[in-house]
Each structure stands twice: as C-alpha cells, then as structure tokens.
Number of protein chains: 2
Amino acid sequence: MDSLPRCGANYVPLSPINFLKRAAAVYASRDSVIYEGLRFNWRQTYDRCLRLASSLCSLSIAKNDVVSVLAPNIPAMYEMHFAVPMAGAVLNTINTRLDASNVATILRHSEAKLFFVDYQFVSLARDALRLLISASSAIPLVIVIDDIESPTGIRLGKLEYEQLIEMGNPGFVPVELKDEWDPIALNYTSGTTSAPKGVVYSHRGAYLSTMSLILGWEMGGEPVYLWSLPMFHCNGWTFTWGVAARGGTNVCIRNTTAHDIYRSIALHQVTHMCCAPTVFTLMLQDKETTAEVSFNRMNRKVEVLTGGAPPPASLLEQMESLGFRITHAYGLTEATGPALVCEWRAQWDQLPHEDQAKLKARQGISVLTLDEAVVKDPKTMTSVPRDGMTMGEIAVKGSSVMKGYYKDPQATAQAFNNGWFWTGDVGVVHPDGYIEIKDRSKDVIISGGENISSVEVESKLYTHPRVLEAAVVAMPHPTWGESPCAFVVLKKGTGGSGDVSESDIIDHCRKNLPKFMVPKKVVFLEELPKTSTGKPLKFELRALAKGFMIQSEKACNNKPSSTPANKTSWRTPAAYNNAKQQQQQPQIMAQSRL
Amino acid sequence: MDSLPRCGANYVPLSPINFLKRAAAVYASRDSVIYEGLRFNWRQTYDRCLRLASSLCSLSIAKNDVVSVLAPNIPAMYEMHFAVPMAGAVLNTINTRLDASNVATILRHSEAKLFFVDYQFVSLARDALRLLISASSAIPLVIVIDDIESPTGIRLGKLEYEQLIEMGNPGFVPVELKDEWDPIALNYTSGTTSAPKGVVYSHRGAYLSTMSLILGWEMGGEPVYLWSLPMFHCNGWTFTWGVAARGGTNVCIRNTTAHDIYRSIALHQVTHMCCAPTVFTLMLQDKETTAEVSFNRMNRKVEVLTGGAPPPASLLEQMESLGFRITHAYGLTEATGPALVCEWRAQWDQLPHEDQAKLKARQGISVLTLDEAVVKDPKTMTSVPRDGMTMGEIAVKGSSVMKGYYKDPQATAQAFNNGWFWTGDVGVVHPDGYIEIKDRSKDVIISGGENISSVEVESKLYTHPRVLEAAVVAMPHPTWGESPCAFVVLKKGTGGSGDVSESDIIDHCRKNLPKFMVPKKVVFLEELPKTSTGKPLKFELRALAKGFMIQSEKACNNKPSSTPANKTSWRTPAAYNNAKQQQQQPQIMAQSRL
C-alpha cells in the first residue's frame, strides 16, 4: 500500500492561499472586504490578489524574497496576506507601534526586497530608511499605500499600491508551491529582550493553525469579522486566512477606537472580533457609543476571542452584559497565534458568574492541530500532576509551531530543546486538563527561597477599588535576595493618588496575600511603560526597582528571618513546588502572551 | 528560510490517532462511548485502545498488515478505528450486508491477517471462511466480538475481543508514524463492476477529511453523536475520528431501527447523526415512537447529515417539523466520504419551503480540505459555465482524496487521469457555485443507502439457463429509494417466455445474491435497446423503469415498449447537453453516491 503514488489528484501542498481560491469559487458574490464606503466580493478580492501577485513578479520578486509592510487593518494589508505568497514571496508585517530604529532593524535583518508603507506611516518609514542609508544597508523598493477611499496623494517614492493592482494581470497563475514546508510569513517578536527574533511560518503551519482556530472558536459559516486586532499580530491570529476559509466578510478599520468598533458592529452586523482585554477597557470607557450600541442591539451576540492577558472578571461581566460573548485564548508568535483555547463547557453555565470568570481566565486546552501542550519540569522532562498546584514550564509540539527563528540557529535550537517548543511560561494543569499560566519564567520573584508569581500579586492589587493598572517586579533586598515591588496607576477622576497611600495598598495586600508575597514597596505612576503590544515593560520597571533597595527597609516593618537568600529559580520547579505546597491553593490569575 | 529544519517540535505527521490522544488529555472524564448500559470516558477509551493495539502486536501484526472487521456500530468497532492504526496496521471494515462470496473476495484480496467478527455475523463469516478454505486461500486469524453488555458465548475460534483488551498493556507506546502518507484504512467499494476495488486512505487524508467535515457541518464542541450511519461506510464518513476530535459522545446502536434511534435521541440528548434519506422513511413510518419523540422533544434541534441520495422535499419537511435540521452532503469512498456539503446560507431562510428543499437537494460546495471540485468536459478539460444547465463530469483533487486502489495500478491511473479524480458523476454548476448531480456514468443502484452494482446482478441473471441478455437499472421504490429492475431477453427456440416467469428469475437471484440486491421487478423484452457499440442503453431503460414504481408494489404487467432511438450517453457531455437543452429545465433529481 506504500507504493501508491502521490499525484496532483491526491496530494496538494497545504497552503492558506487555497482558502482564497476556494472562496472565489464557492462564495464568489459574497462580501469579502468592507472598508468605509468600499465593498469587494470574494471574486474581486481574488482578482485583485492575482493582479498584485503578478505585479510583484514584474518587480522581480523571487521565491522566498521578503516583502515587508507597515500598515493598519486596511484592504491592502488583507490582500497582501494572499498576494505575497501567491508570488512565491514571504510576508513580513511590521508592528506599526515600533520606532524607526526597530523598523530599520527588521528591514535589515529580513533583507526585505519590497517595503509597502501606508500613507499614515510614511514619516516613520522615512526615518527608518534614513537609518538604513546612514548605515549603508541595502534599501528596499518602497511602495506607498494611499487611502483607496479618500486619496491623500502622500508619496514616498514613485510606486503606489493601487497602480500595481491596476497594472497587474488577473490571469496570473500563482507561483507553484511544491513543498508545504516553504515559508509564507516572517513575524518579528516584540521581544522582552532587546533583539527581536524573526519567526518563520510555513504554508503547512499557517494552514493547520487557521483550521484549528476556526474549530477551537467554533467560528461558523458567513461570519462578519471586525478587524479590531492588528493583522501584524501573528497575521491576525491567522484570521486573515480564516475569514477566507469561512467565506466571511472582513470589516476593516483604520484605527481601533471605541467609536469605530461600535459603529462597525451596528452598521455591518458584526458577528466576530478578536482583541486584547485592554480594548474592552476602551470600549467600556466610551459611554456614549455604549448607549448607541445598546440601542442598536443585535439579535445575536458578538463573539470575541481575547488573549494577551486573562480577562478580569469585572471586565468580562460588563462586556457580556452588552451582548459580547468572550472566549479566552493563549498563544505566542512562535505557535502561529493561539495554542490554547479556553473551550467553554456547557456544565459551567450553571455556576455563579464569579466562578465562570475564574474558569474563563484560564488559558485552556490545546488547539486541535497542536500535537500536544504539556506542563513539564524542563530538567527532568516529567509532566506535572493535574493538581492545579504544581508548576512547570509550558511546552508544545505540533505542525502549527514555527519553522524556527530566521538566521538564528542557536535560538532555534534552544527553543526546540528535546523535541518541544518551550514557551518560557510557568503554569499548572487543573484536574480537568485545563492549563493555567502562573507567570513568565523571568518575572518570577525569588524571595527568601520562596518563588512569588508576580501575576498573583498583581491580581490582588486589581481587586483594590482605586487601582487601574498594576505591575509587580523583583526589587533587590539585602535579606531576602528579592522582594516584590508594585507599580500602580490609580483610576482618574476619583481624587488622584492623594487619598490613596502606599500603606493603604500594602494593607490591602496583607489582608489578601501570604505575608511573604506582600509588596515591600508601592510606586505610583501616571502610566506604565509598555511594549508596542501593550504589555507592561517589566524590564524597565525592574531597572527602576533596583534603586529602591535601601528605602524598602524603612517603609516596611519586616522581621528578617534566618532564611538565607535562596536563589532557586523557577527553572528548578521542584524547589518552587516545595515552597508552594506549604501555602494556599494558588489564585486563578494568569497572564498569557498573545 | 528553507534551511530551517523539521524536528519533533514543529513537524508531527498528521494522523487522526492524535485526536484520541488529545481527547484523553483534555476531555478525559467526558463520556466517549455509550452502548446500552455501558459507558466509557475518553481516558478509558484511550486505555482500551492502547491495550488492544498492544495485543495486536503480540499477535504479530506488523506495519501495514490488514485487519478486517465485520461488525455493527458497537464500541469494539469504534475502538478499532484507533487501535488498529496504533499497532501500525490498516483497518478494513467490511459491509455486513454483503454475502459470503463478497466477504471472501475481500479477505482474499486484502490479505487480511486478522478477522474480527461480531457474534451476530458468525454464520456469514463462517461461510466466507469456508469459501477461502475450499479455494486453498490463506485464512486470517479469527477473533469473535461478543456482546460486552450481554455476553452470548458464541464463538468462532479461540480468541475473543474483550480478552485482547484485558490481556493488553495500557502502557503500550503506539507504533511510531513516520510518514503521514502511510495507509490507515482500506475500504472496498461495492463497485459498479463485479470486482470491488480496495480504496486506500492515508493518515494525512483521513486527518484532513475529518477536519473538513467537522467544519463543513459546523459540528461544535461536546456533540452527542448517534451512530445511525454504518461505520463501515467510509469509516462513518470520518466521524469515527471526528467525534474524538470534538470530545463528543458516541452513542452506539447495534441495529438501525426507528425505535432505537428515537429511544437513543430521547435518552442521551443526541445532537448529531448521519444517515441515508431512507432512514428518514423508516423513522416517519414508526408513528408510535414518533409520538414519543415529540413528547420527549429536546430544547435543541438534532443536526442530521445525509447523503447517498438527495433528500426529497416531502421527507425534509416532515423530518424538520419533528425537530431535525438536515444538511445534505455528497461524496464517494474515494474522497474519504463527503466531498461536497450543501452549506446553508442565511438568505435562504426567507424562501418558501419548496424552494428551500430544492436548494438543499443540491450536492453543494467543496469541503475545505479539498483543493478543488469542478465540473469539466473530461475530453477538452474545459470547466462548464455556471448556468445550472451545462453538464460535465465532476472531478476533485486534494489531500483528502484516496491514495489509490489497492493492487490495481491500472484502475488507479485511470481514476487519476490528468491530475484529477474523476467521480463518474455527471453534474452542473449553478450560478452561486453549488454543484448539482444530474446523472451517473456508472449505473449504480442505491437501495436503502447501499450501492448495488448493476453488473453484478446482471452476471447472476446470466447464470440462469434461459437468459440471453440482461440489463439492470434503478427503479424508484417508495421505501428503499431505488430498487433493481431487471430487463431480460430470453433465449429463443426453447419455449419462449411462456414457461419462464418473473418469479422464476427472482427465485434464481435469491439463491445467488444478497437479499437487497435481488431485483424487485423483471421485465421481459424482445430485445434490449443498445448503443452503436452494442451496450445496453440504460438511460432508456431507466426511463421505462420509472413507470413501474406504483405497479411494482402490486403486480407486474409487463408490456414490452418500443425501443427509443436515442443513442446519447453521458460520456459525451456535448451531445447530452444538446439533447437536454431541447427539453425543459433539468429536474432536480440528482443522486449522490455516498
């Protein structure tokens, strides 16, 4: 039976490009992309992508060349997810929140041949290109994307996106994909370290991830998908390709404002959207449009897939009362977006809201195309028991995991140690098989031999009525080695920080946390420093906290115990767990990395 | 980027076995299989499969050996879908409605090493084995499957299924799958020629088909799936594997009776089931239990995927009024089950019931993992226009298409001509991209969901001493959808037709064919209408047979009709279309082959 041959009829390389070809055939006249007054159907989108792909080939783009793009969630950005691989090239979407230096680093490292720049980011792109010129680096050919709906005339070089579409050949035959292992996309991690890494996806991995996210989220037919998640995040968590697979409609918005979100939902009867929980905060703050959406209330709920951080219970309740149904996912750039989805179980419907929120804040179970997601001691390779207590590092394997880091064999080998991809996140497995993250390995605070999850402390800070945002990091301590230091932003318009003191916050923590986990210092900030993806920059906060060591001994009344400063890190989960098991059951308050 | 290596972390061969491993991890305590008073959860099912796989290895089953099974929809049949490939072997499920001669042919051709036989089919199996012995063919080792719930003690040889489970090692490590192209299953077509063909599925193809059927049918989480479709049909249209992928519950039933279907739906809150439309007829006829199910009406509808023939409008309406929501699919053994699904579109909700039924009776659009499904002129390779009128042959390609026919390179090459798998079905494409079948090149008769080879019946007719010529076609039947109708020309000079009656011929067939293949009507003709090349014009005979439906239930008044002169065959779509276009708009009278 082995001798039966592969042929064109029974073996076609897996590629998400096929989703577009199929959509053009079977969903031809359905709306594919809506953007302001514009509206394309799937046949038109396919036609535009073929034209663009042919123009890329005319510009001498060859197999595996990198095509970079700096753009918001506009039709051009969507189309490039198909047109670039149809030309045999690799799509590199760049985070628009980076600075010129980061952008230049990515253009240089990726050796981009073409650089598509939305008119809104021309100034950022120009600065990045100047950096390349001054370093005598190769300069990619630049193509500006003007606003197709209301042209601005802004230019950076001679070429414009719509010209390429117009000049292109709709009869173009896409470059044949011979091996599904070929690269389709290159996504740079924002990285909490200074050097971003280029994560390479294969056509196979992108295809399988797309399938498993549609399945995990149960996104049915004819979705109307609102682009509230940047497409530059893991290719929109693969929903760039997924909406084509489902013959859905992409509702593009240039800026992720509450107003535009509400307006689009009401106007286009949006059924699905993805976003980080911070977008919920934006939406809830905009009270006027909240009233508007209540007025325009749809018959069906809007499904929301969220990740990047677990959705706090109060946010969940407020959002769900507005008609949103929220699903929590966890993933990483390296796993092609979500790797775990917190699949809801019917039996949970009967539980109190608070318990539901706790269950929903867990990261969940592996998506279908991951072979396995486990929590292991990376040294002994033993899986932790399913007790919701014992910690280990989360590791995944499967065909939806990245090919590796571009031009970085050492980092690739390290990430793929022992046949697993190691996420760097520390978590537990609950008796029902659901995984919950306790911390980033490097954010664990080691105090007097005890490991403290910064996330756990933060979750208690959030229960204080005046706390808007909180981040906890390690602060050097002469006796304990390290102690928790809290950075807090208070809610506005309720009296400022004047009426909440450091000792108020510390008292609050004392009532809710084991003594050793109580922050030894609380610092009030106007805002937290954040990464381009909106995560607190703990790297910077740790640098700040270093200066607080001496003061910390005054502010708090700590009785130094005889416990030596045990430097055991989370990397030896055994020691971590020993300490843990003497304490209470860990709180449900994890943080994911999407 | 091409140099990034595949490794255990990022490249795992696709196999539906992984769905069970994952289900055991993330849906561990959910019900996996229910059968009468028995109930397993996913961890137990995984454990039982590991044990069985280890026992198979102990019985010296090696990589790619064939393991055959003759059983109804019982837990053992389900478990073998995982355990057999976990032992590296290939599962061959045999249609239990075949006769001993067919079963012996399959055992011989497949070179089965093991033969699992449910106690209900011991007599059929014994007859088949005797045929093998008398032909000095190799005899597989036989293992009887007793009723785990109410043991009967019936034996055929020494081994019994539950013993293998008991003796097995739950710590067994499944035989490593190195190549996803390796075979997982071997399914014999009943075939339109007398020689059944062995269709080989790869792990990859089975995996992808499973994914796309869950997606195409939108089977969500926690389904309760009733086994009203035989698992021996394309591995239960892949839902053997699919229910594990979704962490659902398999409700097994030994016999597909209306009573058992209604009882299971009410008892287990069934959400999903598959069946041929003839099962609807069964269900509607059983009025008492219909009343019962109305009384036990569930809160949610039961989703039904049907295929094998388009569901007639009246049946649809009656079934849907009972609380069933029906989706129509079309497929073939060679396409690993459904290849097209008639995806419902929200806009059709507004149409009158009759129009809805017509739309639903179409075969639909390609499933997601098929690369393409087209309707082409096989000679010119031109696709037909999307006019709902012009006919061509349906062809598909993609990774869910079979590896090929076992030990039949010629038939394989023919089926895969020009890079497509040619279905042998003639159809049209509607303006909305939905495919509808108009006729079949092969004259399969679909009776009660079973494919009957007209050639096979004809060959038995030819063994009657008085039969000169015979042609068998489908005749409409109120219960079975279709039944075989035989047209017979008797030998001259031996007494004419006067001394051979219809019942003589039927009696002859009863002695030589499985019951369901016996013609329900025999028509004596002076000569058969034929093509120029001397082949019977089955097109014309079918037209004749249509008139027999009502009479067929009463008695037979055979008036040999005059032979029409139309020489058109579907194999020349151009000629066919010319003829067709002179007629009315084509009737919705399609037939699919699942």
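**Figure 1. Asp179(B) is partly exposed, with a relative accessible area of 30%.** Partly exposed lies between buried, under 20% relative accessible area, and exposed, over 50% (1.4 Å probe, protein chains only). In this predicted model, local features need pLDDT of at least 70, side-chain atom pairs count only at pLDDT 80 or more, and totals for chains, interfaces and linings use all residues. Residues are numbered from 1 along each chain as its sequence is written, chains are lettered from A and ligands numbered from 1 in the order in which they are written, and side-chain values use heavy atoms, with hydrogens and water left out. The loop that holds Asp179(B) runs between helix H6 (161-167) and strand E8 (183-188) of chain B. Helices (H or I, at least four residues) and strands (E, at least two) are DSSP runs, numbered from the N terminus. Gly392(B) is 213 residues from Asp179(B) along the chain, and their C-alpha atoms are separated by 36 Å.

**Figure 2. Thr336(B) has a positive phi, near 55°, and is not a glycine.** Most residues other than glycine have a negative phi. Thr336(B) sits in the loop between strand E14 (324-332) and strand E15 (337-341) of chain B. Thr336(B) counts as buried because its relative accessibility is 1%.

**Figure 3. Trp237(A), also not a glycine, has a positive phi of about 50°.** This residue belongs to helix H8 (residues 234-237) of chain A. Its relative accessibility is 2%, so Trp237(A) counts as buried.

**Figure 4. Helix H4 (residues 100-110) and helix H5 (residues 122-134) of chain A cross at roughly 60°, their axes coming within 8 Å.** H4(A) is therefore oblique to H5(A). Angles under 35 degrees count as roughly parallel, over 145 as roughly antiparallel, 65 to 115 as roughly perpendicular and the rest as oblique. The axes are lines fitted to C-alpha atoms, for helices over the stretch in contact, and angles run from 0 to 180 degrees between N-to-C directions. On the H4(A) side, the contact (heavy atoms within 4.5 Å) is made by Ala100(A), Ser101(A), Val103(A), Ala104(A), Leu107(A) and Arg108(A). On the H5(A) side are Leu124(A), Asp127(A), Ala128(A), Leu129(A), Leu131(A) and Leu132(A).

**Figure 5. Chain A contains 20 helices and 26 strands.** Of its 594 residues, 63% count as buried. Among contacts in chain A between residues at least 6 apart in sequence, 72% join residues at least 24 apart.
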